[in-house]
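Take a look at the chain below.

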Amino acid sequence: MASDVLTTDVKLSRCNNQPWGFRLSGGVDFAFPLTVVRVTIEGLAHTAGLQAGDVIVRLNGEPISQLTHAQVHNKLVGAGDDIVLSVVRSHEIARRQRGQ
């Protein structure tokens, strides 16, 4: 993904080991980028503004595009109670592909 693509940081914080409230698909071991495929309504991710279709490009500032799905999952599990997901919105990707 080009470095000039606009990213949005989504900050999530939890307590008592609450679920983050989103599901991911993809990774370098699949043929497509790590993408949010489901967000639980009223869950932490939904409240923070994460959207289905968001492509995650960084986790806590670390690029993750070259990681497998399992590696990213392990990083999320070990990240503690505060994470920042840098995402590219699916509508931004579509807009750039159209050359607008």
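This report covers the overall build and then the salt bridges.

The model is predicted. The chain has three helices and six strands. Read from the N terminus, the order is β-β-β-α-β-β-α-β-α. Of the 100 residues in the chain, 35% are buried. The accessible surface comes to about 6,000 Å², and carbon and sulfur atoms hold 51% of that. Take the contacts between residues at least 6 apart in sequence: 62% of them join residues at least 24 apart.

Now the charged pairs. The structure holds three salt bridges.

| Salt bridge | N to O distance |
|---|---|
| Arg 14 and Asp 81 | 3.4 Å |
| Arg 89 and Asp 54 | 2.4 Å |
| Glu 62 and Lys 75 | 3.3 Å |

Start with Arg 14 and Asp 81, which form a salt bridge. Arg 14 sits in the loop between strands S1 and S2, and Asp 81 in the loop between helix H2 and strand S6, so the pair ties together parts 67 residues apart in sequence. Arg 14 is buried, at 14% relative accessible area. Asp 81 is partly exposed, at 34%.

Next come Arg 89 and Asp 54, joined by a salt bridge. Arg 89 is in the loop between S6 and helix H3, Asp 54 in the loop between helix H1 and strand S4, 35 residues apart. Arg 89 counts as buried at 13% relative accessibility. Asp 54 is buried too, at 1%.

Last, Glu 62 meets Lys 75 in a salt bridge. Glu 62 lies in strand S5 and Lys 75 in helix H2, so this pair ties together parts 13 residues apart in sequence. Glu 62 is partly exposed at 34% relative accessibility, and Lys 75 is partly exposed at 33%.

Note on methods. Residues are numbered from 1 along each chain as its sequence is written. This is a predicted model: local features need pLDDT of at least 70, side-chain atom pairs count only at pLDDT 80 or more; totals for chains, interfaces and linings use all residues. Side-chain values use heavy atoms; hydrogens and water are left out. Helices (H or I, at least four residues) and strands (E, at least two) are DSSP runs, numbered from the N terminus. Buried means under 20% relative accessible area, exposed over 50%, partly exposed in between (1.4 Å probe, protein chains only). Contact means heavy atoms within 4.5 Å. Accessible areas come from the Shrake-Rupley method with a 1.4 Å probe; for residues, only the protein chains shown count as cover. A salt bridge is a side-chain nitrogen of Lys or Arg within 4 Å of a carboxyl oxygen of Asp or Glu.
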